[in-house]
Amino acid sequence: MIIDAHHHLWDPARGDYGWMPEDDPVLSRIYDLSEGEMTFAASGVSHSVVVQAAPTVAESDYLLSLAEQSDVIVGVVGWIDFEDEQHRTELERLARHPKFRSVRPMVQDISDNDWVLGANIRWAFDALCDLDLAFDALGFPRHATRFFEIFQRYPDLRVVIDHCLKPEIMRGAFDDWAREIEQLARETNARCKLSGLVTEAGEDYGEAALKPYVDHVLSVFGTDRVMWGSDWPVCRLKMEYGDWLQLAKRLTKGLSASQQQAVFCNTSQQFYKLAVATV
């Protein structure tokens, strides 16, 4: 069994994807449930977690409506406004849905690098702990020390770092990222998504370019804290869904069968508390 721990579905006509470039041949089109399920099935992926791509509660409801139509989507990562404490009510409502598993503020798009540390959003982290919801940490290496402080402040919060914290692979930047991601692994309970790397690698996104980063993440987190995700359809900027899955399998071929099972299935199932039976 393979679980894709991170993919998107969207319809640009909904109008809340502010990051999306206009007329991009890959991104600026509908990716609907039918196409998603056919794409996953073609690569032998049985279940998935769909992740928000717009900073609105309407996006959360949209993804939940798709999940309700699907036996493949077993988890939803949504959005609420961390800067509005009245959104506690929205979070409580969303949490009652059996497939709502986590929230993801789009930290990478916020100009204030210290935003995540603000006293005005502490209520949201408290609420996530109270409601047993997870936190998807979407940021860049510059956010590492801020995430570290938050993760230590909330040791009971279930946290996963999206896209290996987006190392600057195209610049060959490794040492600072490696040190900071190791600290996060060693001194917090965070998990890490093996996703998004091909789009951070520029034109050189082959096995040799990605291997040092993948090896380091697996080494410091261990396979029981790493989960594979496609980041589809964003990954299509570099390669198709099945190509990234096969590349990820080659990058992890040195693992034992049980370790591979953890990365491609069990870690995400356990972290997100997904209602699927795993080996």
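Angles under 35 degrees count as roughly parallel, over 145 as roughly antiparallel, 65 to 115 as roughly perpendicular and the rest as oblique. Helices (H or I, at least four residues) and strands (E, at least two) are DSSP runs, numbered from the N terminus. The structure is a predicted model, in which local features need pLDDT of at least 70 and side-chain atom pairs count only at pLDDT 80 or more, while totals for chains, interfaces and linings use all residues. Residues are numbered from 1 along each chain as its sequence is written, and side-chain values use heavy atoms, with hydrogens and water left out.

Two packed helices are described by the angle between their axes and the distance between the axes. Axes are lines fitted to C-alpha atoms, for helices over the stretch in contact, and angles run from 0 to 180 degrees between N-to-C directions. Helix H2 (residues 57-68) packs with helix H3 (residues 87-95) at an angle of about 5°, and their axes are 12 Å apart. H2 and H3 are therefore roughly parallel to each other. On the H2 side the contact (heavy atoms within 4.5 Å) is made by Val57, Ser60, Asp61 and Leu64, and on the H3 side by His87, Glu90, Arg93 and Leu94. Residues are classed as nonpolar (Ala, Val, Leu, Ile, Met, Phe, Trp, Tyr, Cys and Pro), charged (Asp, Glu, Lys and Arg) or polar (the others, Gly among them), and the contact of H2 with H3 has three nonpolar, two polar and three charged residues.

H3 also packs with H4, at an angle of about 25° and with the axes 11 Å apart, and H3 and H4 are therefore roughly parallel to each other. The crossing of H3 and H4 is right-handed; a crossing is given this name if the near helix is turned clockwise from the far one by less than a right angle, and is left-handed if anticlockwise. In this contact His87, Arg88, Leu91, Glu92 and Ala95 of H3 meet Trp123, Ala127, Leu128, Asp130 and Leu131 of H4, and by class these residues divide into six nonpolar, one polar and three charged.

H6 contributes Trp177, Ala178, Ile181, Glu182 and Ala185 to the contact, where they meet Tyr213, His216, Val217, Val220 and Phe221 in H7. The residues of the contact of H6 with H7 divide into eight nonpolar, one polar and one charged.

Accessibility was then considered, with buried meaning under 20% relative accessible area, exposed over 50% and partly exposed in between (1.4 Å probe, protein chains only). In helix H5 (residues 144-153), the buried residues are Ala144, Arg146, Phe147, Phe148, Ile150 and Phe151, and what covers them includes helix H4 (122-131), strand E5 (134-137), strand E6 (159-161) and H6. Glutamine 108, in the loop between strand E4 (100-103) and H4, counts as buried at 17% relative accessibility. When its neighbours within four places in sequence are left aside, glutamine 108 is in contact with Leu138, Gly139, Phe140, Arg142, His143 and Lys166.

Glycine 15, by contrast, is exposed, with a relative accessible area of 62%, and its place is in the loop between strand E1 (3-7) and helix H1 (33-42). Although glycine 15 and alanine 54 are 39 residues apart in sequence, their C-alpha atoms are 9.1 Å apart in space.

A disulfide is a covalent bond between the sulfur atoms of two cysteines. With a disulfide counted as a pair of cysteine sulfur atoms within 2.5 Å, the count comes to zero. The sulfur of cysteine 235 is 14 Å from the closest cysteine sulfur, in cysteine 164, which is too far for a bond. For cysteine 265 the closest cysteine sulfur, in cysteine 192, is 18 Å away, again too far for a bond. Cysteine 235 counts as buried at 2% relative accessibility, and cysteine 265 counts as buried at 0%.
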